[in-house]
Amino acid sequence: MQTFLGLYNFWVVIVLMMIGFYIVIAHDNLVKKIIGLNIFQTAVFILYISAGKIQGGTAPILGEPGAVYSHPLPHVLILTAIVVGVATTALGLALIVRIHEAYGSNEEDDLLVLDRREDSP
Amino acid sequence: MSLLWLPFLPLAGALLVVMAGRLPNLREALSLVTAAVLAALTFSWYPAVTAGETPTVVLFDFLGSAQLAFSLEPLGLLFASVASGLWFVTTLYAAGYMRGNNEAHQTRFFTCFAIAICGAMGVALADNLLTLFLFYELLTLSTYPLVTHKGNAAARRGGRIYLGILLGTSIGLLLPAIVLTWVLTGTMRFEPGGILDGQVSQGMATLLYLMFAFGVGKAALMPFHKWLPAAMVAPTPVSALLHAVAVVKAGVFSILKITVYIFGLDFAAQGDITRPVMWVAAFTLIAASLIALTRDNLKERLAYSTVSQLAYITLGAALATSMSVMGGAMHILMHAFGKITLFFCAGAIYTAAHKTLVSELDGLGRAMPFTFGAFLIASLSIIGLPPLGGSWSKWYLMLGALDAEQAIMMAVFMISSLLNIAYLLPIPARAFLFKPPAGSPIGLREAPLASVVPLCLTATGCFCLFFLPGPLMALLSPWNDS
Amino acid sequence: MTAQLPALQILLPMLASALCVLLRSPAGAWLCFTLATWASFAVSVLLVLATRSGAILSYEMGGWEPPFGIELRIDALNAFVLLIVSGMAAVMAPFARSSVLAEIEQTRVYLFYALVLLCLTGLLGISITGDAFNLFVFLEISSLSSYAIIAMGPNRRALLAAFQYLIMGTVGGTFILIGIGLMYMLTGTLNMADLAERLPAMADSRTEKAALGFIVVGASIKLALFPLHAWLPNAYAYAPSLVSALLAATATKVAAYVLIRFIYTVFLPERAFDGLMLSELMMALAAIAMIAGSVVAIFQHNVKLLLAWSSIAQIGYIVLGAALVTTAGLAATTLHLLNHAVAKGCLFLALGVIVWKTGGARLSDLAGLGRTLPWVGAAFVIGALSLIGVPFTGGFITKWYLLVAVAEQELWLLAGAVVLSSLLSIIYMGRVIETLYFRAPSQGTTRSEPVPVLMLTSVWLLALLNVAIGSYSEPFAAIARTAAGQLLGGTP
């Protein structure tokens, strides 16, 4: 029970990751896929932040000597990853706009049908 | 002169031919000169090799410690002489044939021809399995444009079978066999006495021998023989030189060389290592002769006859006695002269009378006496009747079968000789003895001189070879002792 | 000067990318692209010369000492991959001029070049860095820019292909990120050499195994290893010609490098392959990829798709060598990185010329072109022969080393799979070559002007390179052996 509750943030990570992954796989709507991808990435962000957290620690700002503070490196790392995530989302959404312009739909199954119809004649 | 000239002179010739592409006379002259020089160079090595020397040249390390290297041993010199000598004759013939039939892309034709000879010389001179494989594939690829020369649907179909079987067997079986030999023994060199003895088990050796024999698709063992009849869509000079001499002989030569220098005759004769291949060869020998009987297309009949004659040589290798291997080696030469004459005749008939079927040849002998005379001589040589060259090789092959105590194989040789008579002799018989169909023009209608002279030359060759076994024995004897 | 080479390797294309945006004119951007790739190729040649004897270069980025700062660490394998990536880009630069003008809108050409350079920066960065997190960042730089340049393909399907690649690629990248995070939690370091030293202390923890699992799966997605290959065929098929060629020649090679680097350098093979059955799994997947990829390729009508499926089969060869855990196997893999890049690059470029001429890459567009464009046809044939593994082409060299490596381990079934895959490649390449030479030309519209010399130069450089490597491979093979020795000898 202790391990279960004590590591609850890791359980959150796993649950979020699976939710995100499920959306990416199961949904046909391209926007929803991007949202799923975002949830999936958020789970990873929490994983990193959890690793740096120290119980009772303060922000890593130079202050009185000897104070307990959280490890700053994972935060910095994940800041980079968040930027990457935002860029991915932006690019993905831009692609969806272009896809909608070109096909008139952003449902993946519709698009595949349109592509196949182009092939057949 | 360096040994390197032998494989690389034809390559230089190919370059010259490309450069002279716009001037047909100069192009053919260059081809002829290159062929003549190559043949002369090859023959010039005869004294040294007969004296027991094995000149060797190492080019460079090709794959790790595996080298690209050439060496000249008696078997290789024999094959190189056959290929280069007949290249000269065929170039003469091809010049007449290609012009006579107004074929297109003649520069490409002569270029690929020269590259193919480079491949054949490389196979002949290979010092190790890797070098052999490299030039073997070069030979396959350079002949593909020749087979598909006409560029029509039939040529494409023929080319597909040709390349599919030859590349398929070599990459699928020959290359793995070479890799296996390399991994098991740590060497790929052709050594007198073989390299496998004591390194591999009997079972593994049997498997390897099968892989080599089938992997060399050019030897046309059944069921990998289909490419040979398929390749008959090529112009006749190609069929003559490549599919009677260079390509197919590169195949059986490889098998002989692998038997002698990789397995070693002593090792190969132990147990049942060569037994499965021997039976396949015997089957091919008979079956191909029977198929040849049923074919009406002249070139196709000759192709199946080639399949059967190649099996003689493979069988000679698989019997693994010094006599049988000597017979096989001689058969490379004897059959080459015989079969190239037959193909030259087929081409001359096509050029002069535009006939391709055996059943159309009735009475044609009166119009083309030289052509059919040569055809008759070559047929008799292939059947193995004295006083023609072919009788020597069959004699030694039979002696070999006797040495190996394989009475059944003796019988196979004999039955097959009878079958040879049955499918070859009716052709000149029809031409000379049957009445020509009504309305056919009367008088002499031979093919152009450039076609008739070569075929008379090679027919004379068949005759001369019977009286000149001495030099041949001298060449093959030092190797025979070891 | 030479001390700064590792930094220049990344900085040159990165700065050139920004310069392209400033220049705006298509010709200026192309010139900038060309010069940048040539300069970065020169740098990688110098790096190869410096490391081929087994020396290791270490560069402290910004003067921060490793393992705290980011380290650029170059051994024989890195340098070889850098050479492949920058070399391919440099060779393809002349080709780009006409091909890009024909396929990309005039107003976007400069942005296109900027993105290609950014993608190169990412790929070079992945190969050169010695820091695990830095590797992830470069991975995303190259991925994001490649999604964008794939989407610029002339057909609208390029958009969907790019989107699918984006989803798969991001999942793969995030998996690698998770793996790196788990390793960081265990050891508190991100420097690969440092990780390799500290991980053995955690040898039996489940976290380490999870980290390895995530990284292997993530890298396999990027590598398009069967069955994670779904994104690759469409992405290659509908991208602009230059992008297909460049990505086929470099992107999967770099992904393979990532896989090898993590398994061999960071986790060390003896621990990575124990317990997880990773070696057996990779061999099995490689064998399936080799055969399945080739079989699917046989049934394609679009030649770009055909080549893409053949890439999936070729990735099988690369992974197979890496899974053998022997010097011979790793050397074969390293060589195949080069040989496949050269062969596939040559094929895609030759196809690019055909697309430039006829506007399509379907088999019917290729009909009879071997006669009308003899030089392009001949180059395509050379590339195809190399792919099949015919002697005197690069493909034969790797096939030989790979077969020997497999036979040494007495894995006969795998040897059979390699041979079978080669036989299948005869069939699918044979189909294309027959179409090139034996079918009557179709009546479609083709450009009347002759093929630009610059395009032909690129195509033939690669074709000749195929033959050159096939005829004399020893210099490259020596580097490959050094690299394999370093990988198996522990940390670089």
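Visitor: What share of the contacts in chain C with a separation of 6 or more comes from residues 24 or more positions apart?
Guide: Such residues account for 81% of those contacts in chain C, a contact being heavy atoms within 4.5 Å. This is a predicted model, in which local features need pLDDT of at least 70 and side-chain atom pairs count only at pLDDT 80 or more, while totals for chains, interfaces and linings use all residues. Residues are numbered from 1 along each chain as its sequence is written, chains are lettered from A and ligands numbered from 1 in the order in which they are written, and side-chain values use heavy atoms, without hydrogens and water.

Visitor: How do you know that chain C agrees with a compact globule?
Guide: For 492 residues a compact globule would have a radius of gyration near 23 Å, and chain C has 21 Å, which agrees. The radius is taken over C-alpha atoms, and the globule rule is 2.2 Å times the number of residues to the power 0.38. Along the principal axes, the C-alpha atoms of chain C fill a box of roughly 70 × 55 × 40 Å.

Visitor: What makes up the secondary structure of chain C?
Guide: Chain C has 21 helices and two strands. These are DSSP runs numbered from the N terminus: helices are H or I with at least four residues, strands are E with at least two.

Visitor: Is Phe40(A) buried or exposed?
Guide: Phe40(A) has a relative accessible area of 1%, so it is buried. Buried means under 20% relative accessible area, exposed over 50%, and partly exposed in between (1.4 Å probe, protein chains only). Phe21(A), at 25%, therefore counts as partly exposed.

Visitor: Why is the pair of Phe212(B) and Phe263(B) called edge-to-face?
Guide: The planes of Phe212(B) and Phe263(B) stand at 85° and the centres are 6.2 Å apart, so the pair is edge-to-face. Phe212(B) belongs to helix α8 (residues 202-215) and Phe263(B) to helix α10 (residues 236-263) of chain B, 51 residues apart. Phe212(B) is buried at 2%, and Phe263(B) is buried at 0%.

Visitor: What makes Lys218(B) sit over the ring of Tyr136(B)?
Guide: A charge sits over a ring if NZ of Lys or CZ of Arg is within 6 Å of the ring centre and within 35 degrees of the ring normal. The charged end of Lys218(B) is 3.5 Å from the ring centre of Tyr136(B). Arg97(C) lies over the face of Trp30(C), at 5.2 Å from the ring centre.

Visitor: Where is the cis peptide bond from Met222(B) to Pro223(B) placed?
Guide: Pro223(B) is in the loop between α8 and α9 (227-230) of chain B, and omega of the bond is near 10°. Ala220(B) also lies in the loop between α8 and α9 of chain B; its phi is near 55°, a positive value in a residue other than glycine.

Notes
Rings of Phe, Tyr and Trp (its six-membered ring) pair if their centres lie within 6.5 Å; planes under 30 degrees apart count as stacked, over 60 as edge-to-face and the rest as tilted.
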